[in-house]
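Welcome! Here is a short tour of a protein for someone meeting it for the first time. Take a look at the sequence and the model, and then read on.

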Amino acid sequence: EFWSLALRVNEHVLVPRPETELLVEHALAHIPADGRHAVLDFGTGSGAIATALAVERPQINLLATDASEQALTLAAQNAAIHCPNRIGFALGDWYKALPAGQACFDLIVSNPPYISPDEQDLTDAELRYEPQNALYSGADGLDAIRTIIKGAPVHLNNNSWLLLEHGFTQTENIAVLFSEAGFSDIQSYHDLAGLPRMTEGRMLQIA
C-alpha cells in the first residue's frame with residue numbers, strides 16, 4: 001500500500017516506502033486542484049508516485065519514465081487499476097527518455113537511486129532483494145541526482161519546481177547542487193522519523 005493505494009510490486013522495482021509519500025504531499029502542494037500542469041516522474045519504478053498524483057489530480061498531463069522496461073510494464077499495470085489512461089510512459093535513462101515535443105514541465109519529481117556503496121551495511125536487509133540500479137548511484141550516491149538537477153533548467157517552464165527524495169546525509173550537498181543549477185526557494189523537508197528526506201527548488205527563468 002502506498003498513498004492508500006494497493007500496488008503490485010516485483011523483483012524489478014523498489015517496494016514503495018512511506019517516506020516517499022512526503023514527495024507526493026509536496027508535489028500536490030504545487031499543483032492547483034484545477035490546474036493542468038505538465039508533470040514528469042523520473043524513474044517511476046512501480047509507478048507509485050505517478051499513480052498517486054494522477055489519482056489526486058486527474059487533470060494533469062503526466063509522464064512517467066524508467067530505464068527498465070520491466071518496471072514500466074508493472075507501472076502501467078498499476079496505473080490501469082487506479083487511473084486508467086491518465087499516465088504516459090517512456091523508456092529511457094533520465095532525460096534521454098523524453099519524447100520529442102514534450103521537453104518542458106511545470107513539475108519534475110523523482111525518487112532516484114541515492115545510496116553509496118559504502119552505505120550498504122547501513123541499509124535494510126530487504127534491499128538485497130530489490131534492483132541494485134534503483135538503489136545505488138556512484139561513489140557518493142549522487143550521480144543520478146546530479147544528472148537530474150543539472151538537466152532540469154532546460155526542461156522546466158518558468159516558475160516551476162523540481163522535487164527530489166534523497167538520503168538523510170545528503171541534504172547539504174543537494175542544496176549546493178540546486179543552487180549551482182540556478183534554483184531558488186530551495187527547501188528541505190523531514191520524514192516521519194525526523195530525518196531530512198526531500199529537497200525542492202523553484203526554477204525562475206530570466207527573460
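Contact here means heavy atoms within 4.5 Å. Residues 24 or more positions apart account for 68% of the contacts in the protein with a separation of 6 or more. Please keep in mind that this is a predicted model, where local features need pLDDT of at least 70 and side-chain atom pairs count only at pLDDT 80 or more, while totals for chains, interfaces and linings use all residues. Residues are numbered from 1 along each chain as its sequence is written, and side-chain values use heavy atoms, with hydrogens and water left out.

Let us begin with the overall plan. The protein has five helices and seven strands; helices (H or I, at least four residues) and strands (E, at least two) are DSSP runs, numbered from the N terminus. Along the sequence they follow the pattern α-β-α-β-α-β-β-α-β-α-β-β. Of the 207 residues, 52% count as buried, that is, under 20% relative accessible area with a 1.4 Å probe and protein chains only.

Seven strands form an open sheet in the order 3-2-1-4-5-7-6, with mixed pairing; two strands pair if DSSP finds at least two bridges between them. Strand 3 and strand 6 stand at the edges with a single partner strand each, so one side of each is left without a neighbour in the sheet. Strand 4 and strand 5 pair in the parallel sense over five bridges, and Val109 stands opposite Leu163 in strand 5.

| Strand | Residues |
|---|---|
| Strand 3 | residues 87-91 |
| Strand 4 | residues 105-110 |
| Strand 5 | residues 156-165 |
| Strand 6 | residues 184-190 |

How do helix 1 and helix 2 meet? The axes of helix 1 (residues 21-29) and helix 2 (residues 48-56) come within 10 Å and cross at roughly 40°. Axes are lines fitted to C-alpha atoms, for helices over the stretch in contact, and angles run from 0 to 180 degrees between N-to-C directions. The contact is made by Leu23, Val24, Ala27 and Leu28 of helix 1 together with Ile49, Ala52, Leu53 and Glu56 of helix 2. Helix 2 also lies across strand 1, strand 2, strand 3 and strand 4, running at about 170° to strand 2.

Finally, visit Thr171, which lies in helix 5 (residues 171-180). Thr171 is buried, with a relative accessible area of 15%. Not counting residues up to four places away in sequence, Thr171 touches His166, Ser188, Pro196 and Thr199.

How values were computed. Buried means under 20% relative accessible area, exposed over 50%, partly exposed in between (1.4 Å probe, protein chains only).
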